[in-house]
Amino acid sequence: MRKNNVRKINIPIFVSHRGCPHDCVFCNQKRITGQSGSVTPIEADEIIQSALSTIGRENSYIEIAFFGGSFTAIDICEQEALLKVARKYIKSGYVDGIRLSTRPDCINEQELIMLKKYDVTSIELGVQSTDEEVLKKSRRGHSYEDVVNASRLINEFGFELGLQMMLGLVGDTREKSLKTAGDIISLSPKTTRIYPTIVIRDSALEVMYNKGEYEPLSLDDAVELCAEIYMMFSENDIEVLRMGLMASEDMHEGRGIVAGPFHPSFGELVFSRIYLSKMRALLSEYKKKEAVFCVNPRDLSKALGNRRSNVYAIMREYGIKITLRCDENVQMGQIVLCD
């Protein structure tokens, strides 16, 4: 079980597109992860050792995380070989858990029994959407029923359940995304990730985009929708581990992106939008011409917004001059009007 008030650190090991039985329209794993080919147990061991040499063990919760593909769909012998490497670091006390990501239709009781044997602690499912039409148009190859069944099994076996969703998929709408978020909440995950759909080079979605068959969300719309969904999860005590794609160097340099709401600090933009919404709510019946808001020092940049965008937005909308003041007594994530 996770400890409270500690740094949560992942040691990511990307298994790339291996094991996945479908080519989703949005996917090009090599572009996203910056890797191709198979990671061997020896390479996984080297990655873990290298990462641990830079991590302070004290006050940290460390997980080895197999990301980037459908881990439980690869050959069982290869799964076990990689898990044996990871488990030895749990047995020695260097790490606290093993996390992996996979598809909802690649989970069954025998698989979960094997994962328990190797001390896997967390399983994340790439749900992406719970709308059957969106799943079909995205070529996901699984149904919402698969999501429900896999989530139930993972919870029953005592793993920490994580569910990932995407915004702005083919055939998606704001209402469908909000419905997906509500469905995810009903499945009782401990964690989520929210990814806006990006048009990646050499993906099927690029072909659709070039033909005019797909239009991605704007950055502003993606931020607004993600902020709303983040608050839904937060209000239901579901931890959002990430918002926005954690891309490779190739992606950051722009070579792998064709279109879509990619931003290297997408999560920060979402948090800033949440603070703007909170300020608006506090000012709904405010009559004075100046206002002072207090926030935790660690939240100051989020409350200010990118290039002080929140300050300027309030000035435009309300004609009020605002000042943001740091106060250690304000809980992180909160903002209050100060006298």
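This is a predicted model: local features need pLDDT of at least 70, side-chain atom pairs count only at pLDDT 80 or more; totals for chains, interfaces and linings use all residues.
**Two helix pairs**

Start with α9 and α11. Their axes lie 9 Å apart, and the helices pack at an angle of about 70°. The crossing of α9 and α11 is right-handed. On the α9 side, the contact residues include Leu219, Val223, Tyr230 and Met231. On the α11 side, they include Phe266, Leu269, Phe271 and Ile274. The residues of this contact divide into 12 nonpolar, no polar and 4 charged.

Now take α2 and α3. Their axes come within 9 Å and cross at roughly 25°. Helix α2 contributes Pro41, Ala44, Asp45, Ile48, Gln49 and Leu52 to the contact. Helix α3 contributes Ala81, Leu82, Val85, Ala86, Lys88 and Tyr89. By type, the contact holds 9 nonpolar, 1 polar and 2 charged residues.

| Helix | Residues |
|---|---|
| α2 | 41-52 |
| α3 | 76-91 |
| α9 | 219-235 |
| α11 | 266-282 |

**The sheet**

Strands of a sheet pair through backbone hydrogen bonds, either parallel or antiparallel. Which sense applies here? The pairing is parallel, and 7 strands form an open sheet. Their order is β1-β2-β3-β4-β5-β6-β8. At the edges stand β1 (7-14) and β8 (239-243). Each has a single partner strand, so one side of each is left without a neighbour in the sheet. Neighbouring strands are turned by 25° against each other on average, direction ignored.

Look inside the sheet at one pair. Strand β2 covers residues 60-67, and strand β3 covers residues 97-102. These two strands pair in the parallel sense over 4 bridges. Glu63 has Gly97, in β3, as its bridge partner.

Helix α6 (residues 144-156) lies across β4 (122-128) and β5 (160-167). Its direction runs at about 170° to β4.

**The disulfide**

How many disulfides are there? The count comes to 1. Cys294 is joined to Cys338, with the sulfurs 1.9 Å from S to S. The bond links distant parts of the chain, as its two cysteines are 44 residues apart. Cys294 sits in strand β10 (residues 290-295). Cys338 belongs to strand β12 (residues 335-338).

Terms used
Residues are numbered from 1 along each chain as its sequence is written. Side-chain values use heavy atoms; hydrogens and water are left out. Axes are lines fitted to C-alpha atoms, for helices over the stretch in contact, and angles run from 0 to 180 degrees between N-to-C directions. Contact means heavy atoms within 4.5 Å. Ala, Val, Leu, Ile, Met, Phe, Trp, Tyr, Cys and Pro count as nonpolar, Asp, Glu, Lys and Arg as charged, and the others, Gly among them, as polar. Two strands pair if DSSP finds at least two bridges between them. A disulfide is a pair of cysteine sulfur atoms within 2.5 Å. A crossing is left-handed if the near helix is turned anticlockwise from the far one by less than a right angle, and right-handed if clockwise.
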